[in-house]
Amino acid sequence: MAAKPEKSNTATASPADLKEKKKERILDLSRYMDKLIRVKFTGGREASGILKGYDPLLNIVLDNTVEFLRDPEDSFKLTEDTRHLGLVVCRGTAVVLICPADGMEAIPNPFIQPE
């Protein structure tokens with residue numbers, strides 16, 4: 001019988017060996033559970049709600065969700081109008097950005113040169 005080859009360390013591991021290891025998540029949403037977050041989606045929609053659940057594909061469940069409506073004349077601008085949606089399941093493929101609502105503030109663009 002032939003001896004089984006030993007597994008090498010991660011520095012010299014083959015791609016097959018790396019697939020066997022548990023993958024680490026790039027975004028750890030567990031620290032935002034039951035906290036208010038803001039989510040931006042492809043197409044320009046934005047919503048805010050309490051994170052109730054998520055999965056590895058970034059599908060998320062938000063409770064007490066509020067959608068921020070866009071300006072009908074300029075779809076890239078948000079208005080002060082909102083729409084209450086309640087409990088929402090957001091598809092992970094549409095999520096562009098997730099950020100905590102606490103500690104978020106608008107700042108002036110630092111790249112604009114003063115005249």
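Strands β1 and β2 (residues 46-54) pair in the antiparallel sense over 5 bridges. A pair here needs at least two bridges found by DSSP, and the elements are DSSP runs numbered from the N terminus, with helices (H or I) of at least four residues and strands (E) of at least two. This is a predicted model, in which local features need pLDDT of at least 70 and side-chain atom pairs count only at pLDDT 80 or more, while totals for chains, interfaces and linings use all residues. Residues are numbered from 1 along each chain as its sequence is written, and side-chain values use heavy atoms, with hydrogens and water left out.

In the hairpin of β1 and β2, 4 residues lie between the strands, and G43 takes a positive phi near 95 degrees. On to the other partner of the pair: β1 (residues 36-41) is also joined to β5 by 5 bridges, with the two strands running antiparallel. Here are some bridge partners to find in the model.

| Residue | Bridge partner | Strand of the partner |
|---|---|---|
| R38 | S48 | β2 |
| R38 | C99 | β5 |
| K40 | L97 | β5 |

Stepping back, the 5 strands form an open antiparallel sheet in the order β4-β3-β2-β1-β5. Because β4 (78-90) and β5 (95-100) stand at the edges with a single partner strand each, one side of each has no neighbour in the sheet. From one strand to the next, the twist averages 30 degrees, taken between N-to-C directions of lines fitted to C-alpha atoms, on a scale from 0 to 180 degrees. Along the sequence, the pattern reads α-β-β-β-β-β, with 1 helix and 5 strands in the chain.

Now for the chain as a whole. Of its 115 residues, 22% count as buried, that is, under 20% relative accessible area with a 1.4 Å probe, protein chains only. The accessible surface comes to about 9,600 Å², and carbon and sulfur atoms hold 55% of that area; the areas come from the Shrake-Rupley method with a 1.4 Å probe. Among contacts (heavy atoms within 4.5 Å) with a separation of 6 or more, 42% join residues 24 or more positions apart.

Finally, have a look at the largest pocket, with a volume of about 150 Å³. Its lining has 13 residues, and F41, R45, A47, L85 and V88 lie nearest the centre. The elements giving two or more residues to this lining are β2, β3 (60-70) and β4. β4 gives the most, with 4 residues. A pocket is an open set of points on a 1 Å grid over the protein atoms alone, where a 1.4 Å probe fits, with protein on both sides within 12 Å along at least five of seven lines; lining residues have an atom within 4 Å of a point. The volume is the space filled by probe spheres set on the points, which are joined across faces, edges and corners.

Notes. Buried means under 20% relative accessible area, exposed over 50%, partly exposed in between (1.4 Å probe, protein chains only).
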